[in-house]
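Please examine the sequence and the model before reading on.

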Amino acid sequence: MNISPPAPRPGVPEPVAGDKKSRRQNAVLLLLEQVGYASVEQLAERFGITTQTVRRDIAELSAAGKVRRYHGGAAISMAAIDAVTYRQRRVERVEAKRRIAARVAELIPDGASLFLDTGTTCETVAEALVARSNLKVVTYSLRAATLLADRTDFTIAVPGGFVRNVDGSVFGEGAVDFIRRFRFDVAIIAVSGVESDGRLSDDDHNEVAVVRAAMKLARSIILTADSSKFDRTALVELGNVADVSAFVTDAQPGGALTALMAQAGVELHIS
């Protein structure tokens with residue numbers, strides 16, 4: 001990764017206040033905000049300091065909840081999903097998610113190779129996919145992998161890394177490289193927001209990085225999202241609905257979004 005100094009942006013003040021360490025840590029935050037993740041070595045080279053100093057800065061910023069520590073580096077801390085919120089998501093709009101999942105399973109042929117995203121909708125998709133045969137599935141959701149493991153004719157692959165306790169997702173510095181080893185017939189993805197202009201977004205930079213990698217390696221992409229995600233914006237932009245092959249949802253999207261999908265040749269499935 002080639003890291004250049006962050007350019008000044010409207011509304012983002014230059015880190016001038018405070019002592020030398022505070023200014024440096026503020027600069028680290030500004031840089032991570034732009035690039036998402038950087039290794040210890042990259043940060044040391046960028047700021048002309050030792051790797052030991054970088055590790056101390058990362059530890060302090062992590063303790064303050066401003067960055068996430070990973071083996072060998074750090075990423076900007078996005079709004080974390082707490083366990084109570086995630087449990088609530090698993091019981092909200094259950095029937096809509098089941099209808100979406102059943103339709104997705106109908107679109108998947110036996111023997112297909114799949115990427116399966118994380119999240120409550122994709123966990124429901126995993127439950128529906130057990131009706132298929134001989135699937136080869138790559139996922140970074142341990143919950144989805146566990147549901148699929150009941151089928152002995154399935155091949156299931158998950159990356160190594162750290163498990164996010166709230167939802168069982170696996171993240172690590174090598175997750176994207178792991179995904180790049182594969183080719184997929186279909187990538188099944190989920191998002192936190194689908195805007196009327198087609199923009200797709202999610203709440204976590206690390207999830208977006210994994211999903212973007214999978215999308216580039218898939219022959220077709222199925223987007224899954226219930227209607228509560230319409231006209232919502234999340235923190236990190238993933239792409240555009242025009243990038244997907246099919247959109248499976250539970251209600252008719254607004255006119256502008258429907259027209260955009262029709263123009264892009266995206267199949268719309270309302271379950």
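This is a predicted model, in which local features need pLDDT of at least 70, side-chain atom pairs count only at pLDDT 80 or more, and totals for chains, interfaces and linings use all residues. Residues are numbered from 1 along each chain as its sequence is written, and side-chain values use heavy atoms, with hydrogens and water left out.

Q: At about what angle to β13 does helix α9 run?
A: Helices (H or I, at least four residues) and strands (E, at least two) are DSSP runs, numbered from the N terminus. Axes are lines fitted to C-alpha atoms, for helices over the stretch in contact (heavy atoms within 4.5 Å), and angles run from 0 to 180 degrees between N-to-C directions. Helix α9, residues 205-216, lies across β11 and β13, and its angle to β13 is about 20°.

Q: In which order do the three strands form an open sheet with antiparallel pairing?
A: Two strands pair if DSSP finds at least two bridges between them. β10 and β11 (residues 199-202) are joined in the antiparallel sense by two bridges. The order of the open sheet is β10-β11-β13.

Q: Why is one side of β10 and of β13 left without a neighbour in the sheet?
A: β10 (193-194) and β13 (236-240) stand at the edges. One side of each is left without a neighbour in the sheet because each has a single partner strand.
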